[in-house]
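Reader: I am new to reading protein models. Can we go through this one step by step?

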Amino acid sequence: MTDFPKELLAGYGLYKERIYSQFEEEYQNLAIYGQEPEVMVISCCDSRVTPEGIFHAQPGELFVVRNVANLVPPFTQGGGTHGTSAALEYAVTGLKVKHLVVLGHCKCGGVQAFRESNGKLSKTGQFVGPWIKMLEPAAITLACTPVDKNEDPQLALEYAGIRQSLKNLMTFPFIEKLVTQGNLHIHGAWFDIGSGSLRVMNKETEIFEDAQDLRARMKEQETAEHVPATAEEKK
Ligand SMILES: [Zn+2]
């Protein structure tokens, strides 16, 4: 007998029955013609934060890399075994995605481990420690900014970690070039697991804003832009 998890076998059965059968043609086309995702998401490994679920994405829509605490390492010369950097390189230079989204979330275990380590990251594991050390510049930036007494320190570092990852994205020459040319766009977002709320970082203020409000504002803008065109058409 196999010890393959029976929950996975049962789940696969449902996928084949309900999902695959519904999208069979799309899957076959993806297999024949390849993938052309326009968006890459850098998300946490956390099992509660699934980019495809949050963005209601279909197969082929999102190119996703997940790691502890959704961190983007800074660019380093000489390559090496950098899974996230390899995924970024392939997505940007190979697939030519148009958007990179760093997706953080509430109660992030990686961020919490960094906060609780008090600088002794060796205690957080031989791999996790050096990895979450990448949050250090974010923590230093936070320590240097005026303290908002009402702000949850965990949330503040989750936001700061996303901002730091966005900065690190720009250290990759192939990303910096395309962003400067306006051919690639980078974004920060944060997901609240309990309420299902998504916040999107405003690039000018670096403040995280409710995605539903953003959606409403976008719709208003689209309507406003459409009205003069309609009036023109009536003439
Ligand atoms: Zn996390």
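Author: A residue counts as buried if 20 or more other C-beta atoms lie within 10 Å of its own. Keep that cut-off in mind. Note too that this is a predicted model.

Reader: How many of the residues of β1 are buried?

Author: Strand β1 covers residues 39–44. The strand is mostly covered. Of its 6 residues, the number buried is 5.

Reader: In what order do the strands of the open sheet lie?

Author: The open sheet has 6 strands. Their pairing is mixed. The order is β2-β1-β3-β4-β5-β6.

Reader: Why is one side of β2 and of β6 left without a neighbour in the sheet?

Author: β2 spans 62–67 and β6 spans 208–210. Both stand at the edges of the sheet, so one side of each has no neighbour there. The reason is that each has a single partner strand.

Reader: What is the average twist from one strand to the next?

Author: The twist is taken between one strand and the next in this sheet. Its average is 30°.

Reader: In which sense does β1 pair with β2, and in which with β3?

Author: β1 and β2 are joined over 6 bridges, in the parallel sense.

Reader: Which residues stand opposite Ser 43?

Author: Ser 43 faces a residue in β2, namely Arg 66. In β3, the residue opposite Ser 43 is Leu 103.

Reader: Which helix lies across β1 and β2?

Author: Look for residues 83–94. This helix runs at about 170° to β2. Its name is α4.

Reader: How are α5 and α8 placed, parallel or perpendicular?

Author: α5 is residues 109–117, and α8 is residues 153–169. Their axes come within 10 Å and cross at roughly 115°. Angles of 65 to 115 degrees count as roughly perpendicular. The two helices are therefore roughly perpendicular.

Reader: What kinds of residues make up the contact of α5 with α8?

Author: From α5 come Val 111, Gln 112 and Arg 115. They meet Pro 153, Gln 154, Leu 157, Glu 158 and Gly 161 in α8. Sorted by kind, the contact holds 3 nonpolar, 3 polar and 2 charged residues.

Notes
Residues are numbered from 1 along each chain as its sequence is written. This is a predicted model: local features need pLDDT of at least 70, side-chain atom pairs count only at pLDDT 80 or more; totals for chains, interfaces and linings use all residues. Two strands pair if DSSP finds at least two bridges between them. Helices (H or I, at least four residues) and strands (E, at least two) are DSSP runs, numbered from the N terminus. Axes are lines fitted to C-alpha atoms, for helices over the stretch in contact, and angles run from 0 to 180 degrees between N-to-C directions. Two residues are in contact if their C-beta atoms, placed from the backbone, lie within 7 Å. A residue is buried if 20 or more other C-beta atoms lie within 10 Å of its own, exposed if 12 or fewer, and partly exposed in between; C-beta atoms are placed from the backbone. Angles under 35 degrees count as roughly parallel, over 145 as roughly antiparallel, 65 to 115 as roughly perpendicular and the rest as oblique. Ala, Val, Leu, Ile, Met, Phe, Trp, Tyr, Cys and Pro count as nonpolar, Asp, Glu, Lys and Arg as charged, and the others, Gly among them, as polar.
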